[in-house]
Amino acid sequence: MRSIFLLLFLLTVADAQRSSEFRICAFNLHHYGDSKSRKSDVMLTLARIITRCDVCLLQEVRDSKGTAVPQLLQTIKRYDSTSSYQHVSSERLGRSESYQEQYVFIYRTETVTVTDLYQYPDDLKGDEDAFSREPFVVRFKAPRTGQVSGLSGLPYRGLFLCFLIESNVFSVIKEFVLIPQHTTPSNTTKELDALYDVLQRVKKMWRTENVMLLGDFNADCGYLAKKNRKNVRLITDKNLYWLIPDDSDTTVKLSTSCSYDRIVVNGETFNSAVVPSSAQPFNFQQEYGLTEEQALDVSDHYPVEVLLKVVRSRSFAGGASRSSSVCVFGTLLFLLQVFM
Ligand SMILES: *[C@@H]1O[C@H](CO)[C@@H](O)[C@H](O)[C@H]1NC(C)=O
């Protein structure tokens, strides 16, 4: 008798525990504009790369005619018709009229929604105009992301998870903020340090610790000297986790090896919601069997990416009622098993 209950209980647990991952990416598209958007092979590769991600930050979007981004979205929709994608874009940003870039976030609407936007005004007293491309800060809601590791030691954790998810107690992450930055190479040290001020403001404004900074920081090789690192608060603050290692290579060219593109996570809670060691450059050249030249047509950078842990119960895929009944059923079995 007991073993039947146990078996049924385990099946219930399995239902609640099915999990997968949530991928956040940052990609410097290297002069993405009209001419690149006309190359169909490049566009296909971009679509393949971007649709791997639940949220993808694009940088160096130089779409002066305003046609290249819609073109990309169309290609993405054609490439992956099983999901739906939306985007939010910053204004064109830059100190000179002749050179401007946009930040663009493309996200999968089944897994994530945008809840707030904040174009950093770069108005900090005593340090006005610190950035040439001011962060376009976006707040996201992703109900499936969460931190499960702390529960792994408990018995019957499936049941606990089931209830925590259902009752919304289990909201460790769910919402997070992305602060993008493509630094100016010659001002990397200064801009990285100023990002720390942006982080403080965003944390206060939205009362959240779940903040990630990401993008082409130019944080390596000739642009960030070793001796200057101690002056960069974004590096010295022990509460910030630099997830892409210094010895990574985020550049496509065989002749260069620099860890320019980075992902930095604020706080222990958010850091523990990250899948350990999942942050890495995505070598699309190797992955898709391209030549160096073909890869360079796409970009001179690899995207960087990181996975967040995901709790996936049926309640998110279908209606909540089914999952609730599973929870109730599981609990009854559990109680029967304990008291019989
Ligand atoms: C570097 O920063 C300074 C001050 O923030 C600014 O005046 C200068 O134009 C910047 N250089 C570039 C190349 O943007």
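Student: Leaving aside its neighbours within four places in sequence, which residues is Ile179 in contact with?

Tutor: Ile179 contacts Pro135, Val137, Leu195, Val198, Leu199, Val202, Val211 and Leu213. Contact means that the two C-beta atoms, placed from the backbone, lie within 7 Å. This is a predicted model, where local features need pLDDT of at least 70, side-chain atom pairs count only at pLDDT 80 or more, and totals for chains, interfaces and linings use all residues. Residues are numbered from 1 along each chain as its sequence is written.

Student: OK, new topic. Which residues does UniProt list for "active site"?

Tutor: The unreviewed UniProt entry lists Glu101 and His182. Such annotations may be inferred rather than shown by experiment, and the positions follow the numbering used here.

Student: Where does Glu101 lie?

Tutor: Glu101 is in strand E5, residues 99-108. Strands are DSSP runs of at least two residues (helices, H or I, at least four), numbered from the N terminus.

Student: And His182?

Tutor: His182 sits in the loop between strand E8 (175-180) and helix H6 (188-205).

Student: Is His182 buried or exposed?

Tutor: His182 is buried, with 26 other C-beta atoms within 10 Å. Buried means 20 or more such atoms, exposed 12 or fewer, and partly exposed in between, with C-beta atoms placed from the backbone. Glu101 is buried too, with 23.

Student: What does His182 touch, beyond residues up to four places away in sequence?

Tutor: Its contacts include Glu101, Arg133 and Asp216.
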